[in-house]
Amino acid sequence: MSSTNHILTKYAADVEETIRRLVNEAPPVIRDIISYHLGWVDQNFQPVDSQRGKMLRPTISLLVFEAIIGRYKEALPVAAATNTPASTARRMASARVREG
């Protein structure tokens, strides 16, 4: 595995898990819309297999956080928010900040 590929996949599973957890916490109608936007369901809200994107924004966020702090898990909600629609991202990030 090339070092670039390793970097791009290093955090992918954690980011994906965080996105799914946060989406599952949303009200059902919002959850369906977000799931459709992320390619997890089709227009009838039936699950589909889809390839995950590069997750470049979350990867950069976590690389920077880890370089400064020495760990990255605490930044997963923010990194997950960078990989979602803008309005959803703001809601997810602000909810996490309020929870402390």
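This is a predicted model: local features need pLDDT of at least 70, side-chain atom pairs count only at pLDDT 80 or more; totals for chains, interfaces and linings use all residues.
View 1. I68 has a relative accessible area of 64% and is exposed, because the cut-off for exposed is over 50%.

**View 2. The largest nonpolar core**. This core has 15 residues, and those that touch the most other members are Y11, V15, I19, V23, L62, Y72 and L76. Helix 2 (12-24) and helix 5 (76-81) are the elements that give two or more residues to the core. With five residues, helix 2 gives the most. In soluble globular proteins, nonpolar side chains tend to be buried together.

**View 3. The salt bridge between K73 and D14**. The structure holds five salt bridges. In one of them, the side chains of K73 and D14 meet at 3.2 Å, N to O. D14 belongs to helix 2 and K73 to the loop between helix 4 and helix 5, so the pair ties together parts that are 59 residues apart in sequence. K73 is partly exposed, at a relative accessible area of 49%, whereas D14 is buried, at 17%.

**View 4. The salt bridge between E16 and R20**. The side chains of these two residues meet at 3.1 Å, N to O. Both E16 and R20 lie in helix 2, four residues apart, which is about one turn of the helix. E16 counts as buried at 16% relative accessibility, and R20 counts as partly exposed at 37%.

**View 5. The salt bridge between R21 and E25**. The closest N and O atoms of R21 and E25 are 3.6 Å apart. R21 is partly exposed, with 40% relative accessibility, and E25 is also partly exposed, with a relative accessible area of 48%.

Notes. Residues are numbered from 1 along each chain as its sequence is written. Side-chain values use heavy atoms; hydrogens and water are left out. Buried means under 20% relative accessible area, exposed over 50%, partly exposed in between (1.4 Å probe, protein chains only). A nonpolar core is a set of buried Ala, Val, Leu, Ile, Met, Phe, Trp, Tyr and Cys residues joined through side-chain atoms within 4.5 Å. A salt bridge is a side-chain nitrogen of Lys or Arg within 4 Å of a carboxyl oxygen of Asp or Glu.
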